[in-house]
Amino acid sequence: MIISAWNVNSLNVRLPRLLGWLAATRPDVVCLQETKLEDHKFPVADLEASGYVAHYTGQKTYNGVAILVRQGLEVHDVAMGLPGFDDPQQRVIAATVAGIRIIGVYVPNGQALDSDKYPYKLTWLKALAAMLQAELAAHPQLAVLGDFNVAPDDRDVHDPAAWVGQVLVSPPERAALQVLLDAGLTDSFRLFKQPPNTFSWWDYRMLAFPKNRGLRIDLILLSQALAARCTGSRIDRSARKGEKPSDHAPVLVELREP
DNA sequence: ATGGCAATGTTTCATTGA
């Protein structure tokens with residue numbers, strides 16, 4: 001079983017690339033971030049024709065998340081948002097797929113350390129931690145996938161010295177991510193030996209991709225029970241190439257049958 | 001080899017992203 005996450009930076013623009021990637025990769029589950037589509041505009045029919053059932057919650061211009069499930073897999077208990085955290089920004093969607101609790105997240109960017117959006121990010125992550133504690137208690141087989149907008153440590157930053165004092169790497173953000181891990185989750189990427197300088201996001205500007213000046217901010221966190229089933233974790237860098245790419249690459253894990 | 005911001009709506013610029 002392959003489960004994955006991809007910040008597509010507008011599903012409207014990226015739909016052709018997404019459909020091509022689904023056909024080539026055939027993941028069982030895909031969590032999408034930054035769909036930037038109101039629900040009535042979600043391309044349900046195109047995805048169905050490609051063999052996927054879509055669950056989604058979106059809005060105009062910003063945010064928007066979805067879970068795509070390969071046809072034939074059982075889905076139940078679809079839920080949107082963070083419990084007890086009233087938020088017009090559509091950033092969380094959850095579903096149980098083939099017995100695995102899938103939680104797709106688009107963590108706030110934070111913009112800058114002195115921005116109003118920075119404390120919002122930290123508060124949001126605290127609410128996510130509370131949600132995950134409850135979800136883990138109910139669902140031992142659990143994965144949290146998406147754009148976390150935090151580079152876990154300096155191995156995940158192309159030039160750590162240049163990023164000091166910036167959003168995505170600040171100690172409070174990393175501490176907030178650590179709280180999620182302490183709840184009983186593992187960064188699946190680090191379960192395996194990985195090539196150095198493997199990233200999931202590259203700025204559109206300044207030749208960042210060809211120079212591999214990126215960050216690893218898209219993560220798949222696995223519960224202990226799921227980590228025990230994980231046989232691989234990778235980033236599909238090829239999806240960042242060519243015409244009109246998203247600035248993020250998809251992240252994937254492979255799970256064996258329990 | 002990859003490519004030199006992109007997407008959106010408020011559209012001919014401002015805002016946001018990371």
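An open sheet of 6 strands runs in the order β5-β6-β7-β8-β12-β9 in this predicted model. Its pairing is mixed. Strands β5 (75-80) and β9 (185-187) form the edges, and each pairs on one side only. From one strand to the next, the twist averages 20°. Within this sheet, strand β6 (residues 92-97) and strand β7 (residues 100-106) run antiparallel. They are joined by 6 bridges. In this pairing, V92 of β6 faces V105 in β7.

Another open sheet is also built from 6 strands. Here the order is β3-β4-β2-β1-β14-β13, again with mixed pairing. The edge positions belong to β3 (52-57) and β13 (230-235). Each of these edge strands pairs on one side only. The twist of this sheet averages 15° from one strand to the next. Strand β2 (residues 29-33) pairs with strand β4 (residues 65-70) in the antiparallel sense. The pairing extends over 5 bridges. Residue Q33 stands opposite V65, which belongs to β4.

Chain A as a whole contains 6 helices and 14 strands. Its radius of gyration is 17 Å, close to the 18 Å that the globule rule gives for 258 residues, so chain A is as compact as a globular protein of that length. The C-alpha trace of chain A spans about 50 × 45 × 40 Å along its principal axes.

Helix packing was examined for one pair. Two packed helices are described by the angle between their axes and the distance between the axes. For helix α3 (residues 117-138) and helix α5 (residues 171-182), the axes come within 9 Å. They cross at roughly 10°. This angle is under 35 degrees, so α3 is roughly parallel to α5. On the α3 side, the contact is made by L122, L125, K126, L128, A129 and L132. Helix α5 contributes P172, A176, V179 and L180. By class, the contact residues divide into 9 nonpolar, no polar and 1 charged.

DNA strand B is surrounded by 27 residues. The closest are S10, N12, N109, Y204 and R205. The surface near DNA strand B comprises 10 nonpolar, 9 polar and 8 charged residues.

How values were computed: Residues are numbered from 1 along each chain as its sequence is written. Chains are lettered from A and ligands numbered from 1 in the order in which they are written. This is a predicted model: local features need pLDDT of at least 70, side-chain atom pairs count only at pLDDT 80 or more; totals for chains, interfaces and linings use all residues. A residue is near a molecule or strand if its C-beta atom, placed from the backbone, lies within 6 Å of it. Ala, Val, Leu, Ile, Met, Phe, Trp, Tyr, Cys and Pro count as nonpolar, Asp, Glu, Lys and Arg as charged, and the others, Gly among them, as polar. Axes are lines fitted to C-alpha atoms, for helices over the stretch in contact, and angles run from 0 to 180 degrees between N-to-C directions. Helices (H or I, at least four residues) and strands (E, at least two) are DSSP runs, numbered from the N terminus. Angles under 35 degrees count as roughly parallel, over 145 as roughly antiparallel, 65 to 115 as roughly perpendicular and the rest as oblique. Two residues are in contact if their C-beta atoms, placed from the backbone, lie within 7 Å. Two strands pair if DSSP finds at least two bridges between them. The radius of gyration is taken over C-alpha atoms; the globule rule is 2.2 Å times the number of residues to the power 0.38.
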